[in-house]
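The following note sets out numbered points on the ligand surroundings, the nonpolar core and the salt bridges. Each point is meant to be read against the coordinates.

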Amino acid sequence: MAGKNDKILVWDVPVRLFHWLLVILMATSYFSGRAKGDWMQLHFWSGYAILTLLLFRIVWGFVGSSTARFSHFLKGPAAALTHVGHLFRKEGPRDVGHNPMGGAMVVVLIFAVLAQVVAGLFAADTDTGMVNGPLALKVADKWVDRATAFHAWWINVLLILVAVHVAAVALYLVWKRHNLIGPMITGRKRLDQAVEPGEPAPRLRFASGRLAMSVLLACAALVYFIVRAGG
Ligand code: HEM
């Protein structure tokens, strides 16, 4: 029987590092992008780092630990919608990793941020013409204009998505009394919040740090070559 103080490891180190680095880098990108001028160099570097992290997380979703895998938390639209029904009930299904709705949101967030970064690669400062994304000179001007407009507009969509994400986490904390933030920091979740009463702890498989490092290095190399392709 799951005791109140029993905890199990649900999130591996790579997923936790990915999450909090993404938060820091997105804040860095946002403020450096708004500041413009000399801050644009930082904006570029933080964008490249975000791209590396996102590519890493996508690959980790296929080869990583059990709870990191897309197959673990992508259960289809029906399961996600059923979960919305449980959201406003105090008692609801417990989940070892992401719940079906949260899992769908994770994928939306990852690809929404990816769209922002990819657009940034082709964007340019149309006011001065002095600051170009690394691939801006590789495509026709009309695509640079489109990428620039998209990059400037899509950030608003990202801000809304992040607000919804944080609101959902806060709703869990305040209404359901499920602290999801602690596990994203320590990796460990209370067993009685992960499995139904009386159920045993699930068997989770954790991928090696060496694999994580290899995937990360491969993703960083890919980003390096993409940036270098711009000359
Ligand atoms: C730029 C802002 C943020 C972005 C882009 C973001 C994105 C994400 C992503 C992609 C995941 C999935 C993690 C994975 O499986 O790899 C996630 C999970 C999570 N995030 Fe955030 N996040 C942001 C801010 C925050 C903040 C400020 C908090 C804390 C209040 C937070 C709390 C969480 C929690 C608790 C989870 C795990 C949810 C669960 O247990 O299913 N996030 N976030």
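1. A residue is taken to be near a molecule if one of its heavy atoms lies within 4 Å of it. The structure is a predicted model, in which local features need pLDDT of at least 70 and side-chain atom pairs count only at pLDDT 80 or more, while totals for chains, interfaces and linings use all residues. Residues are numbered from 1 along each chain as its sequence is written, and side-chain values use heavy atoms, with hydrogens and water left out.

2. The ligand is surrounded by 20 residues. The closest are His19, Arg57, His98, His165 and Leu180. By class, the shell holds 16 nonpolar, three polar and one charged residues (Ala, Val, Leu, Ile, Met, Phe, Trp, Tyr, Cys and Pro count as nonpolar; Asp, Glu, Lys and Arg as charged; the others, Gly among them, as polar).

3. Helices are DSSP runs of H or I with at least four residues, numbered from the N terminus. H1 (13–35), H5 (100–122), H6 (141–174) and H7 (181–186) each supply at least two residues of the shell around the ligand. The largest share, seven residues, comes from H1.

4. Which distances separate polar side-chain atoms from the ligand? For Arg57, a polar side-chain atom lies 2.5 Å from a ligand oxygen atom. An N or O atom in the side chain of His19 is 2.7 Å from a nitrogen atom of the ligand, and the corresponding distance for the side chain of His165 is 2.8 Å, again to a ligand nitrogen atom.

5. The largest nonpolar core has 45 residues (buried Ala, Val, Leu, Ile, Met, Phe, Trp, Tyr and Cys residues joined through side-chain atoms within 4.5 Å; buried means under 20% relative accessible area, exposed over 50%, partly exposed in between, with a 1.4 Å probe and protein chains only). Ile50, Leu51, Leu54 and Trp60 touch the most other members. H2 (40–63) is among the helices that supply at least two residues of this core, and H2 gives the most, with eleven residues.

6. Beyond its neighbours within four places in sequence, Leu54 is in contact (heavy atoms within 4.5 Å) with Phe18, Leu22, Ile110, Val113, Leu114 and Val117.

7. Two salt bridges are found in the whole structure (a side-chain nitrogen of Lys or Arg within 4 Å of a carboxyl oxygen of Asp or Glu). In one, Arg94 pairs with Glu196, the closest N and O atoms being 3.3 Å apart. Arg94 lies in the loop between H4 (77–87) and H5, and Glu196 in the loop between H8 and H9, so the pair ties together parts that are 102 residues apart in sequence. Glu196 is partly exposed, at 28% relative accessibility.

8. Asp192 and Arg190 also meet in a salt bridge, at 2.9 Å from N to O. Arg190 is partly exposed, with a relative accessible area of 25%.

Note on methods: A polar contact is a pair of N or O atoms within 3.5 Å; within protein, one must be able to donate a hydrogen and the other to accept it, and residues adjacent in sequence count only if both atoms are side-chain atoms.
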